[in-house]
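Me: I've just opened this one and I'm new to it. Can you walk me through it?

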Amino acid sequence: MPRIEFRPDKLSADVDEKTKILLSARKAGVSIRFACASCRCGTCAIRVIDGAANLSPMKADESKLLGRLTLPTDGTIRLSCQTRIMGDCTVDLTFQNEYDSDIGMENLDDDDD
Ligand code: FES
C-alpha cells in the first residue's frame, strides 16, 4: 500500500494504489486548497518532493493547464485532483501559497468552500 507524506506538517497516510493526492490528504488529516477538482482551475497544484516516478503519468489536459498557469510541466508540480498515487511519495503543500492560480479561475463559481 503506497504511503504519501505531506510537508511541511510531515503527516502521512497509507492509501490504496491509484488514490488521487487530493483524496489522500483527507486521510492524512491535511487540507489541500482546491476549487474545481476537474483540471480546470489549477488551485490544487502541489510540489512533488520525492517519488515523482511513483505518480500517475501526466495527461495532456493537466500539462496544458500547468503550462497555462506558467508552472513547470516536468513533474515537479502536479495537480492533486488529477494525480494518482502509485507508490511512496512526498509532496509539499507550501507551494500552494507561492503562486497565483487566478488566471485559471475565470470560468469557476466561487462557492466550493
Ligand atoms: S482543483 Fe481545479 S485543477 Fe485541481
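Me: In what order do the elements of the protein run from the N terminus on?
Reply: They go β-β-β-α-β-α-β-β-β. That makes two helices and seven strands. Helices (H or I, at least four residues) and strands (E, at least two) are DSSP runs, numbered from the N terminus. Bear in mind that this is a predicted model: local features need pLDDT of at least 70, side-chain atom pairs count only at pLDDT 80 or more, and totals for chains, interfaces and linings use all residues. Residues are numbered from 1 along each chain as its sequence is written, and side-chain values use heavy atoms, with hydrogens and water left out.

Me: OK, the sheet next. Which strands form it, and in what order?
Reply: Five strands make an open sheet, in the order β2-β1-β7-β4-β5, with mixed pairing. At the edges are β2 (11-14) and β5 (77-79), each of which pairs on one side only. Two strands count as paired if DSSP finds at least two bridges between them.

Me: And the twist?
Reply: From one strand to the next, the twist averages 35°. Axes here are lines fitted to C-alpha atoms, for helices over the stretch in contact, and angles run from 0 to 180 degrees between N-to-C directions.

Me: Is the pairing of β1 with β7 parallel or antiparallel?
Reply: Parallel: β1 (residues 3-7) and β7 (residues 89-92) pair over four bridges.

Me: How about β1 and β2, parallel or antiparallel?
Reply: Those two are antiparallel, over four bridges. Isoleucine 4 has alanine 13 of β2 as its bridge partner. The two strands form a hairpin with three residues between them, and lysine 10 in the turn has a positive phi of about 60°.

Me: Where do the side chains of β1 point?
Reply: They alternate. Buried means under 20% relative accessible area, exposed means over 50%, and partly exposed is in between (1.4 Å probe, protein chains only).

Me: Switching topic: how many salt bridges does the structure hold?
Reply: Four. The rule is a side-chain nitrogen of Lys or Arg within 4 Å of a carboxyl oxygen of Asp or Glu. In general, side chains of opposite charge can pair when their charged atoms come close.

Me: Which residue does aspartate 14 meet in a salt bridge?
Reply: Arginine 3, at 2.8 Å from N to O. Aspartate 14 is in strand β2 and arginine 3 in strand β1, eleven residues apart. Aspartate 14 is partly exposed at 28% relative accessible area, and arginine 3 is partly exposed too, at 42%.

Me: What about arginine 7, which residue does its side chain meet?
Reply: Glutamate 5, in a salt bridge of 2.4 Å, N to O. Arginine 7 counts as partly exposed, with 28% relative accessibility.

Me: Which residue forms a salt bridge with arginine 47?
Reply: Glutamate 98, with the closest N and O atoms 3.4 Å apart. Arginine 47 lies in strand β4 (residues 45-50) and glutamate 98 in the segment after β7, so the pair ties together parts 51 residues apart in sequence. Glutamate 98 is partly exposed at 48%, as is arginine 47 at 28%.

Me: Now the inside. Which residues touch the most other members of the largest nonpolar core?
Reply: Phe6, Ile21, Ile32 and Leu71, out of 29 residues in that core. The elements giving two or more residues are β1, α1 (21-28), β4, α2 (60-68), β5 and β7. The largest share, four residues, comes from α1. A nonpolar core is a set of buried Ala, Val, Leu, Ile, Met, Phe, Trp, Tyr and Cys residues joined through side-chain atoms within 4.5 Å.

Me: Which residues is leucine 71 in contact with?
Reply: Leaving aside neighbours within four places in sequence, leucine 71 contacts Ala45, Leu66, Ile77, Phe95 and Tyr99. Contact means heavy atoms within 4.5 Å.

Me: Last one: how much of the protein counts as buried?
Reply: 45% of its 113 residues.
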